Amino acid sequence: GGHGACARNGSCVCYKYWSGPSCSVASCPEGCSGHGSCVGGVGCLCDVGYQGEDCAMPSCPNNCSMNGICTALPGLQYIHRGMGATEATYDVVANRSEASCLCFFGWSGIDCSLQGCPLNCSYPQGRCLNGTCVCDADAGYFGQNCSQKYGLATLRTDGTALQPSYGIYLGGTAVTVQGTGFVDASTMRCRFGSVESTATLVTPVPPSLPYALCTSPPSATGGPGLVLFTFTLDGVHYTASDARIQYSYHEAGSVTAVYWPTGPAEGGSTVTFAGNNFQYVSVVQCRFASTVVTGDSVIFYVTASDGTRSKQGRLTCPA
């Protein structure tokens, strides 16, 4: 068949990758291991994803860790070295194909062994570290895939930024913060003077705008006082201090007098309470034995002898 030389004893001496009595049968190492086609005189033409003289070696690193697909051009890198005395010679790494892993969703790396990150962390806005996005916080990026960017929240300056704008100095008052630019970030903080508390985003039904909700911390001085309020989205950059946005810490309320008129057994009269710090009351409830009723508060101003005015309050409940 022209694929060998005839010996003196009348038998054929086949060239490489040929066999049989007349050297007409293509012959390859290990039959190409079931991962390629044998071409006489050439050797194994490996399937995509395999390499080596016998196509036994995966051509992608770690066989893509079983987390991807090996893509390659099959067996096209034969390097012909010329003709020897009895046969053509080829480089022994002729079947090393150029291959790379195409990783399944959620995996990355040259061998698909690294757990990937959502949207590749919107690179270059973040980088993937063991399946978790590390966002470029200095540039203001955050979120599960680093696709969100901090702006600077702007608080209202019309007196409605904080509702309520006062609370007991022991802390614990739920405060609504209103303005623009709020985003859902775990780094949001409210700062009452020098004391911080965490904030959460509330997204109401449109067209109402999102707002933040935080709980007032105890007063830094341990007592009543007026402090500036500031807000941050990223835990670093705070809104500018503004005298129009302040929070008032006050003492606890106390009753100094009760005006309890005589009334009929079936009710219908009103009980009035005088005291301190009632101007800060938001909800009034009175209990008569086992009966709880909702009352009301009345705010009024008192003018002192020096002409200064102060806000005070009194409470009433139906009896």
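Is Cys-12 buried, exposed or partly exposed? At 36% relative accessibility, Cys-12 counts as partly exposed; buried means under 20% relative accessible area, exposed over 50%, and partly exposed in between (1.4 Å probe, protein chains only).

This is a predicted model, where local features need pLDDT of at least 70, side-chain atom pairs count only at pLDDT 80 or more, and totals for chains, interfaces and linings use all residues. Residues are numbered from 1 along each chain as its sequence is written, and side-chain values use heavy atoms, leaving out hydrogens and water.

**View A. Here is Ser-11, sitting in the loop between β1 (4–6) and β2 (12–14).** Strands are DSSP runs (E, at least two residues), numbered from the N terminus. The Ser-11 side chain makes a polar contact with that of Asn-9 at 2.6 Å (a pair of N or O atoms within 3.5 Å; within protein, one must be able to donate a hydrogen and the other to accept it, and residues adjacent in sequence count only if both atoms are side-chain atoms).

**View B. Cys-14 pairs up with Cys-23 in a disulfide.** Their sulfur atoms are 2.1 Å apart; the cut-off for a disulfide is within 2.5 Å. The link is left-handed, with -95° about the S-S bond. Cys-14 is partly exposed at 24%, while Cys-23 is buried at 0%.

**View C. Cys-60 and Cys-70 form another disulfide, sulfurs 2.0 Å apart.** The S-S torsion is about 85°, so this one is right-handed. Cys-60 sits in the loop between β8 (57–58) and β9 (68–72), and Cys-70 in strand β9. Both cysteines are buried.

Methods. Helices (H or I, at least four residues) and strands (E, at least two) are DSSP runs, numbered from the N terminus.
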